[in-house]
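Trainee: Hi! Could you walk me through this one?
Mentor: Happy to, let's look together.
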Amino acid sequence: MKKFIVITLLFSGFFLLNGEKALAGCYERGETVIDNDHNGIDSSDNRYIGTWQYQTGGRSFRGDHRFAPIQDKNISYTWYFGRCDQYNATLYVYLWDSSFTNPKAEYVMTNDQFKNSSFFINQQNAPGGWSKVGTSAYKGVNSVSVQQPFPSEIRTGGTGADGAKLIYHK
Ligand SMILES: [Ca+2]
């Protein structure tokens, strides 16, 4: 019996890791929003590489964001969405905090076949609130990452990560 329970737990863990969660917004013009630290600090809905400071602020989406000061290495922050295989997705990101100065933040939308679509946003010039990033060339996007190519002439600030939203359409 114990062995059976262990195997059952292993299998449920496997499905969770594969993002098999229900996705309420998966329909024409439906949307799904994933925040930074979506279900709590360092929850499994997000992942990051490099130093990303957790900060709170009244203008941030749901009162918080992550901030990565300029670093001499590759950094990234990822939002995991559930699966929505039959639709294309357009990405919007929430940018408001004045410390977000990356003029060339790279956003990569990835589907479960690891096909990527990449777009750049000037976080410094983005209007406060939601900015449209781009539409994936592939259906079934289930993760979005922001990465940090950072021009060497920029010496202050860094890259921000706050809310990310996918809107689905055919
Ligand atoms: Ca937030």
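Predicted model: local features only at pLDDT ≥ 70, side-chain atom pairs only at ≥ 80, totals over all residues.

Trainee: Thanks! Where is Asp97 found?
Mentor: In the loop that links strand 6 (88-95) to strand 7 (105-111). Strands here are DSSP runs of E, at least two residues, numbered from the N terminus.

Trainee: Why does Asp97 count as partly exposed?
Mentor: Because Asp97 has 19 C-beta neighbours inside 10 Å. With C-beta atoms placed from the backbone, 20 or more others within 10 Å means buried, 12 or fewer means exposed, and partly exposed is in between.

Trainee: And which residues does Asp97 touch, not counting those up to four places away in sequence?
Mentor: Gly57, Arg59, Ser60, His65 and Gly160. Contact means that the C-beta atoms, placed from the backbone, lie within 7 Å.

Trainee: New topic: in which sense do strand 7 and strand 8 pair?
Mentor: Antiparallel, over 6 bridges, with strand 8 covering residues 116-121. Pairing requires at least two DSSP bridges between the strands. Val108 stands opposite Ser118 of strand 8.

Trainee: How many residues sit between the strands in that hairpin?
Mentor: There are 4, and Phe114 takes a positive phi near 65° in this hairpin.

Trainee: Last one: is Ser44 buried or exposed?
Mentor: Exposed, with 12 other C-beta atoms within 10 Å. Ser44 lies in the loop between strand 1 (31-34) and strand 2 (46-49).

Methods:
Residues numbered from 1 in each chain as written. Contact = placed C-beta atoms within 7 Å.
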